[in-house]
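Have the sequence and the 3D view open as you read.

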Amino acid sequence: MLCGITYCFGKTLFITIINAAIRNITNHVFAKIGLHQGTALSSNCVYTSKTQSYTIAEALKMAKPGKVIVTLGINAIYNYKHDSFYSQYEELINKIKKASPDSKIIIQSVFPVAEYWANNMGKPDYNKYIAYANQKLYDLAEKNECYFLY
């Protein structure tokens with residue numbers, strides 16, 4: 001474990017981080033292709049062996065980390081305009097709190113993208129969605145007494 005921190009995020013960010021620097025803590029990184037705030041609620045995405053897997057809540061109940069960083073939904077930014085996204089995110093936060101009540105929960109903001117990339121992908125308004133999402137995630141963090149990492 002890295003400084004008592006457990007990381008929960010989708011596969012895209014996982015690959016980025018692993019390639020960057022933290023290969024030695026993969027047993028404390030919960031990542032799965034297609035993992036987002038909805039699937040993280042009930043999906044077995046934490047693997048301790050080829051046959052044993054747990055939900056994030058089950059794994060956190062066992063691990064009891066000092067901090068949990070949640071970075072989910074980056075690839076589904078256009079879903080941020082839907083209330084169901086935030087209700088699922090809040091439900092996940094509540095499950096994390098119940099499973100590991102002493103853990104500090106840090107909600108990671110969504111990173112803005114380069115204007116060049118957004119335009120080339122045909123999504124010139126992408127950063128507007130990100131700004132909206134970050135405000136909503138900040139509000140969610142405040143409401144649930146979590147930290148917000150911008």
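Keep in mind that this is a predicted model. Among contacts between residues at least 6 apart in sequence, 61% link residues at least 24 apart. The chain has 150 residues, and 43% of them count as buried.

Now for the layout. You'll find 5 helices and 7 strands here, and along the sequence they come in the order β-α-β-β-β-α-β-α-β-α-α-β.

Let's zoom in on α3. This helix is 17 residues long and spans 24 Å from its first C-alpha to its last, close to the 24 Å expected at 1.5 Å a residue. Its buried residues are Phe85, Tyr86, Tyr89, Glu90, Leu92, Ile93, Ile96 and Ala99. What do these buried residues pack against? They meet α2, β5, β6 and α5.

How do two packed helices get described? By the angle between their axes and the distance between the axes.

| Item | Value |
|---|---|
| α3 | residues 83-99 |
| α5 | residues 126-143 |
| Angle between α3 and α5 | about 35° |
| Distance between the axes of α3 and α5 | 11 Å |

The crossing of α3 past α5 is right-handed. On the α3 side, Asp83, Phe85, Tyr86, Tyr89 and Glu90 take part, and they meet Tyr132, Ala133, Lys136, Leu137, Leu140 and Lys143 of α5. Sorted by type, the residues of this contact are 7 nonpolar and 4 charged, with no polar ones.

Notes. Residues numbered from 1 in each chain as written. Predicted model: local features only at pLDDT ≥ 70, side-chain atom pairs only at ≥ 80, totals over all residues. Heavy atoms only, no water. Axes fitted to C-alpha atoms, helices over the stretch in contact; angles between N-to-C directions. Helix = DSSP H or I, 4+ residues; strand = E, 2+ residues; numbered from the N terminus. Left-handed = near helix turned anticlockwise from the far one by under 90°. Contact = heavy atoms within 4.5 Å. Nonpolar A, V, L, I, M, F, W, Y, C, P; charged D, E, K, R; others polar. Expected span 1.5 Å × (residues − 1). Buried < 20%, exposed > 50% of the residue type's maximum accessible area, 1.4 Å probe, protein only.
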